[in-house]
Amino acid sequence: MRRLATLLAILLGVFRRRKRTEEPRRIVPAGTPSRGAENAVVALLVCAAMLAAAFTVVYAIDDLAHQTQLLGLALGLSFACLAAALIVLAKRLVVSEEIEEGYPDPEHPEEQEELEQVVRESGSRITRKRLLLAAGGAAGTAIGVAAVTPALSLGPILDTDPLYETPWRRGRRLVDTSGLPYRAEDVSPDTFYTAFPEGAEKDEIGSPVVVVRLDPSALRLPPERARWAPQGILAFSKVCTHAGCAIALYRKPLFPPTSPRPALVCPCHYSTFDPARGGEVIFGPAGRPLPQLPLEVDGSGELRAGGNYSGPVGPSWTGVRGEGPRS
Amino acid sequence: MIRRAIRFLDERSGTAPFLKKALRYLFPDHWSFLLGEVALYSFVVLVATGVYLTFYFEPSLADTTYRGAYEPLRNLQMSEAYRSVVDISFQVKAGLLIRQTHHWAADVFVASIVLHLLRVFFTGAFRNPRELTWLVGLVMLFASLLEGYLGYSMVDDLLSGMGLAIGYGVALSLPFIGSNLALGIWGAPYPGDPSFESRMYIAHVLILPVLIGVLISVHLGLVALRHHTQFRRARRQSDRTLLGVPAFPGQAPRSLGLFFGVAAVLFLLGGLVQINPIWQWGPYELSQGTNGAQPDWYLGWLIGALRLVPGFDVTIADYTVVPNPFWGGALFPLVVLIVLAVYPWVERRVTGDRSFHNALDRPRDAPGRTAFGAAFLSWVLVIFFAGSADRTYVFLGLDYPAQIWVYRGLVFVLPPLVFFVTRRVCRELQEADRIERVREEAEEETRREVLPA
Amino acid sequence: MRRAALTALAVLALASPAQAQPKEGIVRPADERGKSRLELGRELFAGNCVTCHGTAGQGMIGRERRLGSGKTEGLGPPLIGVGARAADFYLRTGRMPLGDPYDEPERRRPLFSEREIGALTAYVASLGDGPGIPHPSPEGGDLHEGLSLFTEHCAGCHQVVGRGGVVTGARVPPLEDSTPVQIAEAVRLGPYLMPRFSDKDISSRELDSIIAYVQRTQHPKDQGGWGIGNVGPIPEGMVAWFLAATSFVMLCLLLGQRVRG
């Protein structure tokens, strides 16, 4: 009997000891379970799975109307269900602890000193620090400059002459987008036309011009441009001198007494140019008048350029008023 | 099984102590701390959808004729770049979903950075020791503006092409160096060398994402090293002790839930709400334009500035020293960047407060800062809204030139007004708080006197 | 917040192109049904149009005079020789009658009935030989030619999918409600500040293509979902802020948790 009791005591003691060693101190506190929340999470995850499957099914169908919308709904809602599952998990199934901790030290003066010491002491073999630094600086700067030099090939960075070039020259015919030449009689008043230099790239900033016809008596061009508008036909660069958008608007009054006068307008910031006054700016942020292209009507009635523009085309840069355009 | 995995990792990398620290990193409690995470998760969606798009996008301006499904573009000449995006939208299954999600994510990414910046500013989280984190964040903000601009400009459609022309005009407008800079970037006078498309492409898919990715790591690293700030709400929250929720298990499902929530909203938008329907705009032609062309929202402040500045070039003799677009397109954003960047040091100087801060201010607790921030924001917002004055005219009939003059006036009049009003409101709120505190203390005293009896 | 700001702007007394109706309303003869078309037209014209267009449609070009009874003797172009085309366009789109000659004529609900419009149109056409109402056939038009032509000639003012725009001094109308006849009339007429495109500039076949394209823009292919107005980044930005950003803020509010201390 005593042996049985001792055996029992030993066994119990072993059990008790094992329980104690198997139950370490908890780091994350225990929390109450919530089967309802678990159900909700499972349900949401199942929804997410089904919606993701729906996405693959919708994807597989060809020629489905509103496919983009259905794909977006399927994938978006699948993610939404997943998000909802995680949120339920976060709020109901995960223990949210509040732990207090000290902020890290603002600084570490000893290590700072040691760092400084290491750097300082490392220079014990150097006698002419400044000379070495100067030489190092020179080498570094020169190598840096050399490394950056190939960037000059990115474009004509040091040569700004191309900015003045335009494809227009005396005698160049004005053609439309399909390449057909404009005749003076094709240019009606009260409307506007887009023209390009014959044989040149349409896609250059100096190419497109906008052509309008005004009553010659309404013109107030600068005296040197008196012959630039045969029959009242005027041509201006179609590229705005403010920031480079195409001047795609033409305002023409049906009944002049109650309406503003004819003007070329840019849709980007509404710079407004007066064709009758040689492209003068009458509203908006443009700082430079619209360059005018001199026109001539040749023997067969076709419109030709009488020379290059009155000034360089496009947005302003430092040298824009320094020289004229080049052909 | 978990034990075995952890042991495997620790034996081969020695990172168990680090992981324990990382997993128990404390997060602050307030909801506004999650705004930065929204930005981060938008970035993840951007990268994922962006990689997908690079498998289909053709970064080339070579001419091609459209032979695809969308009738109005049939037989039209366009660049390969434009054609590839039309094909992504109409030909590639789920292509339009991914493309639209990508674009929505970009708009949302910048919006969430702005919200996050506002939270950081108005709570003083940028103060010592977090000035570097603030600067890194600013660089990321401006980098993401450029990244977005390049992203939608690569498509070579009519709207974004007009925007690129304006970018060229602004580059040209830098005094003295503008022409050289523009020629360098574009490779030739506008429209530039064909390689310009490749330059935009590589900047957009490699250079800027890597830059932003590295900066995000630095930003998050700095935040973790110095730990998050916190509001002083519970008694134990102070400049010395942090009270928060550990990353695991408490914060992780929330952050993960937020990630999938962000992804959900972005993909829902990507499927249900159309964005940038470039097939309706048509391909870009230098000689053409459309009314109502606008940049994406985060560049709206610049179009507003460009429209508000009156028309003049600053000339000295034959030199056009300051072409017009410089003021609105270059100086204005530079001023905003500089003001935001130097603000932490200016505040230190003005308030004389150079000490360490881990606890945040409520906006009312710093009337000067809140007032300045509100005034500066109102200045930028006035200019931002001026940028849509033309569509306001179309929609509401308010005359355009008149609106421009009103906005020009507001630019000068509104910020000082907002400053004084905000500062007053903050002070009143502080006073109300003080009275409340005095009253509570008085009540506490009477309770203590009554109870022992 | 936008609306508050905009109301404030409106309150700051901006000059706006007022929805100018003629101040005293339409003047109609007593017995409309009994009159012939031309007779009705003449009487309606006399009652509503002569102060600006002259008693015989010769126009009034001089100074606007405000008469005692609140009537305005105004300015107006001559209508002799403008034909049925112009009258039909202006009356059917409600642009005429115009209360103030300096206002921009804008589309609104026509103040005249169908019969009255017919009568007035016939009367104006009788004032002199002029172009009749056009009969375009957009079914014969080419959508892609239409896109190219519309972009080249029209998009600068009307916006590339016809959502309207701004030109310095005026609002450009959207084309969502324009019928093929009205489009053809406007293109040939050049109303208010719009350029006038004769058939030398845009042939009838090209016009058919343009009209086919405009019709298409009235029901555009919004492959991506809700078109939000088809004007690009402004509504997109609104969705990003008011839909997406607010839902994210709400999500953050849901997820944030307060420490209890």
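This is a predicted model: local features need pLDDT of at least 70, side-chain atom pairs count only at pLDDT 80 or more; totals for chains, interfaces and linings use all residues.

**Chain B as a whole**

The confidence of chain B averages a pLDDT of 94, and 100% of its residues score at least 70. If you colour chain B by confidence, the lowest part is strand β4 (residues 241–246), with a mean of 84, while the highest is helix α6 (residues 131–153), at 98. The secondary structure of chain B comes to 16 helices and six strands, and its C-alpha trace spans about 95 × 65 × 40 Å along the principal axes. Of the 453 residues in chain B, 51% count as buried. Among the contacts in chain B between residues at least 6 apart in sequence, 74% join residues at least 24 apart.

**Helix α13 of chain B**

Next, select residues 325–351 of chain B, which make up helix α13. How far apart are the end C-alpha atoms of helix α13 of chain B? They are 37 Å apart, which agrees with the 39 Å that 27 residues should span at 1.5 Å a residue. Follow α13(B) along to B:Tyr343, where the helix bends by about 50°, and where a proline, B:Pro344, follows within four residues. Now highlight B:Pro325, B:Phe326, B:Gly328, B:Gly329, B:Ala330, B:Phe332 and B:Leu340, which are the buried residues of α13(B). These buried residues pack against α6, α7 (158–172), α12 (300–308) and β6 (319–322) of chain B. Just after α13(B) comes B:Gly352, which takes a positive phi of about 75°.

**Two loops of chain B**

Move to the loop between α8 and α9 (195–226) of chain B, where you will find B:Pro191. The peptide bond that leads from B:Tyr190 to B:Pro191 is cis, with omega near 10°. Then select B:Asn276, in the loop between α10 and α11 (278–281) of chain B. Phi of B:Asn276 is near 50°, a positive value in a residue other than glycine. Is B:Asn276 buried or exposed? With 24 C-beta neighbours inside 10 Å, B:Asn276 counts as buried.

**Where chain B meets chain A**

Show chains A and B together, and look at the contact in which 77 residues of chain B meet 69 residues of chain A. On the side of chain B, the elements that give two or more residues are α5 (95–122), α7, α8 (178–186), β4, α10 (247–272), α12 and β6. The largest share of this side, 15 residues, comes from α10(B). By class, the side of chain B that touches chain A has 43 nonpolar, 25 polar and nine charged residues.

**Chain A and its contact with chain C**

Turning to chain A, select domain 1 (35–94) and domain 2 (164–305), as given by the domain assignment. The centres of these two domains of chain A, taken over C-alpha atoms, are separated by 59 Å. Bring chain C into view as well, and look at the contact that takes 29 residues from chain A and 31 residues from chain C. On the side of chain A, two or more residues come from each of α3 (67–93), β3 (192–197), β6 (249–251) and β7 (263–265). By class, this side of chain A has 15 nonpolar, nine polar and five charged residues.

**Chain C**

Finish with chain C, whose domain assignment gives domain 1 (19–126) and domain 2 (138–218). The centres of the two domains of chain C lie 26 Å apart, taken over C-alpha atoms. Ten residues of domain 1 of chain C are in contact with eleven residues of domain 2, and by class the domain 1 side of that contact has three nonpolar, one polar and six charged residues.

Select C:Ile26, in the loop between α1 (2–11) and α2 (37–48) of chain C. With 14 C-beta neighbours inside 10 Å, C:Ile26 counts as partly exposed. Leaving aside neighbours within four places in sequence, C:Ile26 is in contact with C:Asn48, C:Leu111 and C:Phe112.

Then go to C:Pro97, in the loop between α4 (83–92) and α5 (114–126) of chain C, where the peptide bond from C:Met96 to C:Pro97 is cis, with omega near 0°. The last stop is C:Asn230, in the loop between α9 (204–218) and α10 (233–255) of chain C. Phi of C:Asn230 is near 55°, a positive value in a residue other than glycine, and C:Asn230 is buried, with 20 other C-beta atoms within 10 Å.

How values were computed. Residues are numbered from 1 along each chain as its sequence is written. Chains are lettered from A and ligands numbered from 1 in the order in which they are written. pLDDT is the predictor's confidence in each residue, from 0 to 100. Domain bounds come from an automatic or database domain assignment. Two residues are in contact if their C-beta atoms, placed from the backbone, lie within 7 Å. Ala, Val, Leu, Ile, Met, Phe, Trp, Tyr, Cys and Pro count as nonpolar, Asp, Glu, Lys and Arg as charged, and the others, Gly among them, as polar. The expected span of a helix is 1.5 Å times one less than its number of residues. The bend at a residue is the angle between axes fitted to the seven residues ending there and the seven starting there. A residue is buried if 20 or more other C-beta atoms lie within 10 Å of its own, exposed if 12 or fewer, and partly exposed in between; C-beta atoms are placed from the backbone.
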